[in-house]
Amino acid sequence: MEKMQPYTVLAVDDNLLNLKMIEKSLSREGYQIFIAGNGSEGRTIAREKHPDLILLDIEMPGENGFEVIKKLKEDAVTNLIPVIFLTGISDVNAKLKGFDLGAVDYITKPFHPLEVLARVRIHLKLSIATNSLIQDQAAKLLQVAEAQTAMLPVPKSFPAARFGVYYKALEEAGGDFYDVLNISDFITGYFVADFSGHDIKTSYLTASIKALLVQNCTPLYSPRESMKMVNAVLKKILPQEKYLTACYLHLNRSTMTMTLVNAGHPPAACLPVQGDAFLVKSQGDILGMFSDAHFGVTRIKVSRGDRFFVYSDGLVESVGKKTNWIAGARKLLPVFKDLQQFSCAEAPGRLIRHLFAENSRPEDDIVVLCIEV
Amino acid sequence: MDYKHLADQLDMDETEFSELVTLFVDTTRTDLEKVRQGVSCGDPRQASAAAHSIKGAAGNLGFTQMADLAQKMESAANSGSLEGFDAYITDLETRVDALTPT
């Protein structure tokens, strides 16, 4: 049978007797013990051996325990190792200072070997539980990110929708969302939204939005009515501090009409085959905040080959450069025009490469849809 | 001194306890030498640190009288006084010499 790896404990104390007592009492219970006679040696062993727990004397010549723990907590290799102080000091301020520096507990000298064992056990259990919680949460977040990505439609699954997309979430659970809806054989809905916040709650909400869009973006409702219905439900289900800005582009390739509903979102860009590019700047309330929300609606007659760019604010907003949406979007119009030489599938990726250098990182999540009539 | 009783108190057998006592004798002699140096140099901080070490080790093994003596030395040195330390040192040395594991 394979032998289990023993838990390791580093004891740091300038008194060899104390070290030996700890070594004897813990090693007979199956722990592997490293010992150090001073703070500097203790830190070196902590870096090399990465013990599961450290028992640290406070009063030592050279680096005292407070200096040692400070350095351990500043070091990425050792900062997660729980530290228990060994001390003859009963001053409460000294104890509080130790807790403040990151100690998990104190053992007062003279100590009983069984008390050391009991405290080592309890703090190892706590540490294991905390680490397992962290791993569990990371795994869940990864699942959420995977689920969120799986919810986003890719152009090859919707050839009739004729669109290209660039989507990048800054964190595992992004705040941006888009969807493409086949409303009928010749009507397609394109929805781009940006949630307030970038947390797990946001990611779960994207599933709700997707379901709401399917239910409400149908031939029965006008684009404005669809957004009103979505807003009414969101007002009921969203937590108080949550809302979203959104842009819903409804393209009827039979009547050759584009209807755009704006809910507090940056302006879309229209690039007609003939004529100058312009911004579709209708204003509207955000989604999920007001029961009587008003949405700006713009209707435009379109021609075959016309293009629209719909995007989230990460594309046009820069905190560092103090750029607002309209000014940012205006600057983009000539760039959108230059992208006419590329297919609409390629255009969003080319746009991002043009705007952001290879190593520069956008300040927010980004989604860009390029839609061709 | 009843080593069996002290060993039982620490959940150890007598052999283990005797090993620790031997170690205690060595470390305490070294610490007492540091106390003596502190006294001769007029350095209460050195005397205090060494007395603190003796106090902890003696207390851990259950040698309460030695821990008390070391505590008195540490407190006096912390207040800047090294008066009467020769007597403390002699007293502790006598007690350490008497620790012969059976």
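Student: How much space lies in the largest pocket?
Tutor: About 550 Å³. Keep in mind that this is a predicted model.

Student: Which residues are closest to its centre?
Tutor: Of the 21 lining residues, the closest to the centre of the largest pocket are D14(A), P61(A), Q46(B), A49(B) and A50(B).

Student: And which elements give two or more residues to that lining?
Tutor: In chain B, α2, α3 and α4 (64–78) do. The largest share is from α3(B), with eight residues.

Student: How does the pocket lining divide by class?
Tutor: Seven residues are nonpolar, eight polar and six charged.

Student: What about cavities, how many of 30 Å³ or more does the structure hold?
Tutor: One. The space in the largest cavity is about 40 Å³.

Student: Which residues line the largest cavity?
Tutor: From chain A, D13(A), D14(A), N15(A), N18(A), D57(A), E59(A) and K109(A); from chain B, H52(B), S53(B) and G56(B). The element that gives the most to this lining is α3(B), with three residues.

Student: Is the crossing left-handed or right-handed?
Tutor: The crossing of α2(B) and α3(B) is left-handed.

Student: Which residues meet there?
Tutor: On the α2(B) side they include F17(B), L20(B), V21(B) and F24(B), and on the α3(B) side A47(B), A50(B), A51(B) and I54(B) are among them. By class, the contact of these two helices has 13 nonpolar, five polar and two charged residues.

Student: Changing topic: where is the cis peptide bond in chain A?
Tutor: It joins K109(A) and P110(A), with omega about -5 degrees. P110(A) is in the loop between β5 (105–108) and α5 (113–151) of chain A. K109(A) also lines the largest cavity.

Student: Last one. What is phi of R162(A)?
Tutor: Near 45 degrees, which is a positive value in a residue other than glycine. R162(A) sits in the loop between α5 and β6 (163–168) of chain A.

Notes
Residues are numbered from 1 along each chain as its sequence is written. Chains are lettered from A and ligands numbered from 1 in the order in which they are written. This is a predicted model: local features need pLDDT of at least 70, side-chain atom pairs count only at pLDDT 80 or more; totals for chains, interfaces and linings use all residues. Side-chain values use heavy atoms; hydrogens and water are left out. A crossing is left-handed if the near helix is turned anticlockwise from the far one by less than a right angle, and right-handed if clockwise. Helices (H or I, at least four residues) and strands (E, at least two) are DSSP runs, numbered from the N terminus. Contact means heavy atoms within 4.5 Å. Ala, Val, Leu, Ile, Met, Phe, Trp, Tyr, Cys and Pro count as nonpolar, Asp, Glu, Lys and Arg as charged, and the others, Gly among them, as polar. On a 1 Å grid over the protein atoms alone, a cavity is a set of points where a 1.4 Å probe fits but cannot get out, and a pocket is an open set with protein on both sides within 12 Å along at least five of seven lines; lining residues have an atom within 4 Å of a point. Grid points are joined across faces, edges and corners, and a volume is the space filled by probe spheres set on the points.
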